[in-house]
Amino acid sequence: MNYLSLENVSKTYGEKVLFDRISLQISKGQKLALVAKNGTGKSTLLRVIAGQEAPEGENSKILLRRDAKIGYLEQDPFFFDSHTILEAVLDSENPVIQAIRHYEEALLFSENEAEMQAALAKMDDLKAWDMEARIKEILSKFGIIKLGQPVRTLSGGQRKRLALAKLIIDDPEFIILDEPTNHLDIDMIEWLEEYLSQPNITLLMVTHDRYFLERICNNILELEHGELIRYTGNYKDFLEKKAIRQETQGVELDKTKKLLKKELDWVNRSPSARTTKAKSRVDAYYELDEKVSGKQVDKEIQIEIKGQRLGKKILELHNVGKRFGETPIVEGFSYKFKKEERVGILGPNGVGKSTFLKLITEEIRPDSGKVVVGGNTVFGYYSQDGIQLKDDKRVIEVIQDIAEFIPLEKGQKITAPQMLERFLFSRKQQQVYVSQLSGGERRRLYLLTLLMKNPNFLILDEPTNDLDILTLNVLEDFLLEFPGCVIIVSHDRYFMDKLVDHMFIFEGNGHIRDFNGDYSDYRKDLKEREREQRRVERAEQLQKEVAAQPQQIQRQRTQEERKELNRIEKDIAKLEARKAEIMALFNQSDIALSDIEKLSKELATVTETLEEKEMKWLELSE
């Protein structure tokens with residue numbers, strides 16, 4: 001069933017051609033992501049498809065299935081400032097949603113008993129209670145609680161979450177999303193990921209979240225030089241097929257192509273790949289892969305940034321505490337930073353992550369304890385509030401006003417134009433005025449203004465918002481080479497996995513836990529803790545049930561449990577034997593790639609089943 005057809009659709013912006021006579025078909029159940037560099041027309045194409053802008057071209061056609069319910073999330077959604085959150089989110093012609101709105105308004109604002117009874121009767125008549133519970137669940141998932149709050153008091157991020165919640169409540173069949181994960185915390189992102197994975201949802205989105213691309217999408221569209229190129233498969237498939245396309249077209253080995261190969265290598269080695277292969281086998285696996293395929297990784301020229309020298313004392317926090325009113329943000333936190341540390345910061349929105357960064361940079365003072373900054377420490381602080389660029393300046397002038405070059409190792413230098421080129425501003429783009437840049441290009445330029453100051457301690461607060469994937473590759477490549485310390489606050493799970501060594505987990509009530517590992521390691525640890533908690537709760541409940549039963553039933557139950565224990569022990573022995581066999585097969589030098597993939601999937605299944613059996617054995621043995 002075809003939901004959308006584009007034929008010969010074009011769009012220009014002044015003299016710049018965004019896309020030229022492109023065509024596209026989207027069928028029911030397909031999930032497509034649109035990727036491209038910032039400023040090349042991704043958001044414009046979504047607006048054209050959603051009917052917000054008119055296409056250009058005499059023969060252009062956009063055909064949408066007439067009976068398909070469409071939902072569109074803009075980058076900057078519009079709401080009436082006079083509305084409350086309740087009015088905004090339940091602004092719908094659906095009679096069930098209208099009944100829920102009247103009921104919630106009666107709860108919030110009305111003291112009229114007759115009005116309340118009428119609202120209750122309407123809810124009963126339309127059987128709206130299940131829908132009301134679902135709406136409350138969706139709103140709570142996105143941190144939307146105060147339904148009577150005026151929309152005008154919301155931040156940009158809160159408005160984005162409100163728009164996303166409204167879209168999901170409307171329950172469309174065909175969803176168009178422009179950067180849906182911006183301003184969401186990680187729990188929200190994972191919930192949205194699960195929701196969008198439903199087979200009945202047809203999806204077209206622009207996103208920089210590469211785990212979204214990897215786990216949800218079955219088609220990826222690339223907008224390049226005004227053309228739309230379609231790749232079947234997820235993000236890893238896209239990287240592989242794009243690399244092949246470049247090879248067949250005879251594209252020269254330039255920085256972009258090298259970044260593509262680096263990114264593909266990372267996807268193969270990423271934490272998600274480690275869930276299906278033992279960590280100890282990853283390197284051996286890829287050595288074997290190179291032997292079988294006969295491919296060798298190209299040596300790459302590294303830009304060895306000199307940076308400013310860090311002293312022995314870099315940054316120290318001694319028993320730091322900070323509160324806002326009665327709310328603790330940090331309680332008794334101590335830490336000494338070491339050279340070249342890369343720390344991720346994780347926690348829900350509003351828990352105090354940005355306040356913590358301001359404490360570090362001495363922008364605000366702690367209530368207790370002290371922050372000691374080393375004499376040679378120079379901060380580069382990227383914050384969402386700091387993007388203030390002069391519109392009447394050219395891109396090159398913005399950078400040259402800060403510095404003409406950055407010193408490299410061995411007395412070499414990288415000039416301002418060269419640095420701009422490395423961050424994907426061509427010599428032609430360097431002459432463009434700031435006022436003509438897209439939102440993502442402005443963020444990229446702002447980030448570069450910080451780097452040109454040659455700091456040795458970078459603090460990046462949500463640096464990935466609105467950056468395209470190629471820019472993220474460039475930024476990651478730079479940070480992996482950066483010789484100083486880095487602190488990253490980000491909801492981009494892929495970005496964190498690729499860069500951080502350990503994480504500060506903000507658990508609420510001022511408690512910060514230092515976790516040794518990346519984001520995926522943390523989520524695995526968290527699931528283990530939750531599983532252990534459930535096991536303890538089940539064991540306690542079982543003990544209460546057994547204690548309440550007569551002795552005869554207890555004896556009978558104990559005999560059945562012993563039989564079950566014996567069966568589980570036999571199953572565990574078989575699973576462990578099979579796991580050992582698979583690991584032994586991985587060590588064989590003549591194993592084929594197809595067998596590796598098949599065995600990797602079996603190993604994941606065996607490991608998961610083994611964990612379940614061991615958990616059940618523990619419960620019964622107690």
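How many salt bridges does the count come to by the rule applied here? I found that the count comes to 36 salt bridges. I note at the outset that this is a predicted model.

**Entry 1: the chain as a whole**

I first looked up the overall make-up. The chain has 622 residues, of which 48% count as buried. I find 21 helices and 20 strands in the chain.

**Entry 2: confidence**

I checked how far the model may be read. The mean pLDDT of the chain is 82, and 88% of the residues reach 70 or more. Over residues 275-303, however, pLDDT stays under 50. For that stretch the model has 38 contacts beyond four places in sequence.

**Entry 3: individual salt bridges**

I recall the general principle that side chains of opposite charge can pair when their charged atoms come close. I then looked up several pairs.

Arg21 and Asp20 meet through their side chains in a salt bridge, at 3.4 Å from N to O. I record Arg21 as exposed, because its relative accessibility is 59% and the cut-off for exposed is over 50%. Asp20 is partly exposed, with a relative accessible area of 37%.

Glu53 and Arg47 form a salt bridge between their side chains, at 2.7 Å from N to O. Glu53 counts as partly exposed at 26% relative accessibility. Arg47 also counts as partly exposed, at 26%.

What is the N to O distance in the salt bridge of Asp81 and Arg159? I read 2.8 Å for this pair of side chains. Asp81 lies in the loop between strand S5 (70-73) and helix H2 (85-89), and Arg159 lies in helix H6 (residues 156-170), so the pair ties together parts that are 78 residues apart in sequence.

**Entry 4: helix H9**

I next examined helix H9, which covers residues 235-248 and has 14 residues. From its first C-alpha to its last, H9 reaches 20 Å, close to the 20 Å expected at 1.5 Å a residue. Which residues of H9 are buried? I list Tyr235, Phe238, Leu239, Lys242, Ala243, Arg245 and Gln246 as buried. Seen down the axis of H9, these buried residues fall within an arc of 160°, so they line one face of the helix. The face of H9 turned away from the buried side carries the exposed residues Ile244 and Thr248.

**Entry 5: Gln117**

Finally, I looked up Gln117, which has its place in helix H4 (residues 113-125). Gln117 is partly exposed, with a relative accessible area of 43%. I also compared its position with that of Tyr103: Gln117 and Tyr103 are 14 residues apart in sequence and 9.2 Å apart in space, C-alpha to C-alpha.

Methods:
Residues are numbered from 1 along each chain as its sequence is written. This is a predicted model: local features need pLDDT of at least 70, side-chain atom pairs count only at pLDDT 80 or more; totals for chains, interfaces and linings use all residues. Side-chain values use heavy atoms; hydrogens and water are left out. Helices (H or I, at least four residues) and strands (E, at least two) are DSSP runs, numbered from the N terminus. Buried means under 20% relative accessible area, exposed over 50%, partly exposed in between (1.4 Å probe, protein chains only). A salt bridge is a side-chain nitrogen of Lys or Arg within 4 Å of a carboxyl oxygen of Asp or Glu. pLDDT is the predictor's confidence in each residue, from 0 to 100. Contact means heavy atoms within 4.5 Å. The expected span of a helix is 1.5 Å times one less than its number of residues. The arc is that of the directions from the helix axis to the C-beta atoms.
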